[in-house]
Amino acid sequence: MTVVLMIKAGTGLPLRQALRQLLGAWRRRSRGAEGRVRRAVRSRDRSDAGMTTAEYAVGTLGACALAAGLYKVVTSTAITGALTEMLERALHAT
């Protein structure tokens, strides 16, 4: 939006009053635009609520991959030995 401010000589409007009128008109126009933007954002939020089937599938695959990686780490000989030693020390502590 291009705003052109023209003050005619002899109109008796000081610059401050002309600017106030111009800003008032701009505010009235921007209120309508603000409402339209808010409505558009709300409608987009509603349409994207929840995951689609593809997103569930990708999330499930990611969770399975993470679980498989953790299983491999926990069942490794180093971790198993460390956990066994820690449990034995805890059980034999007085």
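Helices (H or I, at least four residues) and strands (E, at least two) are DSSP runs, numbered from the N terminus. With that in hand, I looked up the secondary structure of the protein and noted three helices and zero strands, which follow the pattern α-α-α along the sequence.

I wrote down that this is a predicted model, in which local features need pLDDT of at least 70, side-chain atom pairs count only at pLDDT 80 or more, and totals for chains, interfaces and linings use all residues. Residues are numbered from 1 along each chain as its sequence is written, and side-chain values use heavy atoms, with hydrogens and water left out.

Next I checked pLDDT, the predictor's confidence in each residue, from 0 to 100. The protein has a mean of 76, with 71% of its residues at 70 or more.

I then looked up burial (buried means under 20% relative accessible area, exposed over 50%, partly exposed in between, with a 1.4 Å probe and protein chains only). Of the 94 residues of the protein, 3% count as buried.

My last entry concerns Leu 83, which lies in helix α3. Is Leu 83 buried, exposed or partly exposed? I recorded Leu 83 as partly exposed, because its relative accessibility is 39%, and that value falls between the cut-offs of under 20% for buried and over 50% for exposed.
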